[in-house]
Amino acid sequence: DRCTGVSWAPDSSFIATCGADGEACVWDLKDDAPRARLRGHRARLGGVAVHPVGRHVATTSFDHTWRLWDIETGVELLLQDGHGTEVYGVAWQPDGSLVCTGDFAGLIAVWDVRSGKRIHHFQGHSGKVLCLDWHRDGFHVASGSDDHTARAWDLRRRCEAYVLPAHSSLIADVRWAPASGEALVTAGFDGNCRVWRHRDWSLLTDLKAHDGKCMACDFGPNLDDGVL
């Protein structure tokens, strides 16, 4: 079935994928067969994210849950059903102590994986939360939605920091510049990829390179390395 998400290990030694068949897989780059199959969800998967340490994987699903897995054993370590609808977006805080998940009702939940409890939630999108990314400072989260906006959230102040009317169609991906955190890139089904300055949310670059949908985006290791 269709692959719905992919996530690299921090050291680039393996990748994790998830699919519409309800299964996530962990792949070593040198092998054709997965080294682990993560099974337990009861519906298609929305997203997958490898933990910053590289030993665990988080998955989200249309079964209204997100789950935490041990990569080496394939064992499910945590099951959270705190969402009332399909769960799609997922992203780890850089130190790996918190994870955020986004659902089709527009809710973003923040979870402490040490306790397994939800510590906060953000609500503001009028549509589905399709993508999430955590700023390197550990306090700001970016989200993208089919309401055509990208939003930044401040966990310290527990509020919405800014709303970007970024695209004329749904936003498929959001990514912070990894080294500096000085910019955010958004990708939309309108075919555009746009780079925004974090300091004042001004538009730095409008990349109109695609004739069709722009499904994903990312920065190089440094801001000056460009956008993919």
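Strands here are DSSP runs of E with at least two residues, numbered from the N terminus. With that in hand, let us walk through this predicted model, where local features need pLDDT of at least 70, side-chain atom pairs count only at pLDDT 80 or more, and totals for chains, interfaces and linings use all residues. Residues are numbered from 1 along each chain as its sequence is written, and side-chain values use heavy atoms, with hydrogens and water left out.

A pocket, on a 1 Å grid over the protein atoms alone, is an open set of points where a 1.4 Å probe fits, with protein on both sides within 12 Å along at least five of seven lines; lining residues have an atom within 4 Å of a point. The largest pocket has a volume of about 1700 Å³, where volume is the space filled by probe spheres set on the points, and points are joined across faces, edges and corners. Its lining counts 49 residues, and those closest to the centre are Val-6, Val-48, Leu-132, Asp-173 and Arg-175.

Which strand gives the largest share of that lining? It is β1, with 6 residues. Five strands each supply at least two lining residues: β1 (3–8), β5 (45–50), β9 (87–92), β13 (129–134) and β17 (171–176).

Now for the charged side chains. Side chains of opposite charge can pair when their charged atoms come close. A salt bridge means a side-chain nitrogen of Lys or Arg within 4 Å of a carboxyl oxygen of Asp or Glu, and the whole structure has 15 salt bridges. In one of them, Arg-37 meets Glu-23 at 2.5 Å, N to O. Arg-37 sits in strand β4 (residues 36–39) and Glu-23 in strand β3 (residues 23–28), so this pair ties together parts that are 14 residues apart in sequence. Glu-23 also meets Arg-39 in a salt bridge, at 2.4 Å, N to O. Here the link again runs from strand β3 to strand β4, with Glu-23 and Arg-39 16 residues apart.

How open are these partners to the outside? Buried means under 20% relative accessible area, exposed means over 50%, and partly exposed is in between (1.4 Å probe, protein chains only). Glu-23 is buried at 12%, Arg-37 is partly exposed at 42%, and Arg-39 is exposed at 55%. Elsewhere, Arg-151 and Asp-147 form a salt bridge at 3.8 Å, N to O, and both of these residues are buried. Salt bridges that share partners also join Asp-190, Arg-194, Asp-206 and Lys-208 into one network.

Next come the aromatic rings. Rings of Phe, Tyr and Trp (its six-membered ring) pair if their centres lie within 6.5 Å; planes under 30 degrees apart count as stacked, over 60 as edge-to-face and the rest as tilted. The structure holds 7 aromatic pairs. Trp-176 and Trp-201 make a tilted one, with 6.1 Å from centre to centre and 55° between the planes. Trp-176 belongs to strand β17, while Trp-201 is in the loop between β19 (193–197) and β20 (203–207), 25 residues apart. Trp-176 is buried, at 4% relative accessibility, and Trp-201 is buried too, at 11%. Another group, Phe-62, Tyr-88 and Phe-104, forms one aromatic cluster.

Finally, look at the cysteines. A disulfide is a covalent bond between the sulfur atoms of two cysteines; here the cut-off is a pair of sulfur atoms within 2.5 Å. How many disulfides does a search of the whole structure find? The search finds 0. Cys-3 is partly exposed, with a relative accessible area of 47%, and Cys-159 is partly exposed at 30%. Cys-217, in the segment after β20, is buried at 5% relative accessibility.

Technical notes:
Helix = DSSP H or I, 4+ residues; strand = E, 2+ residues; numbered from the N terminus.
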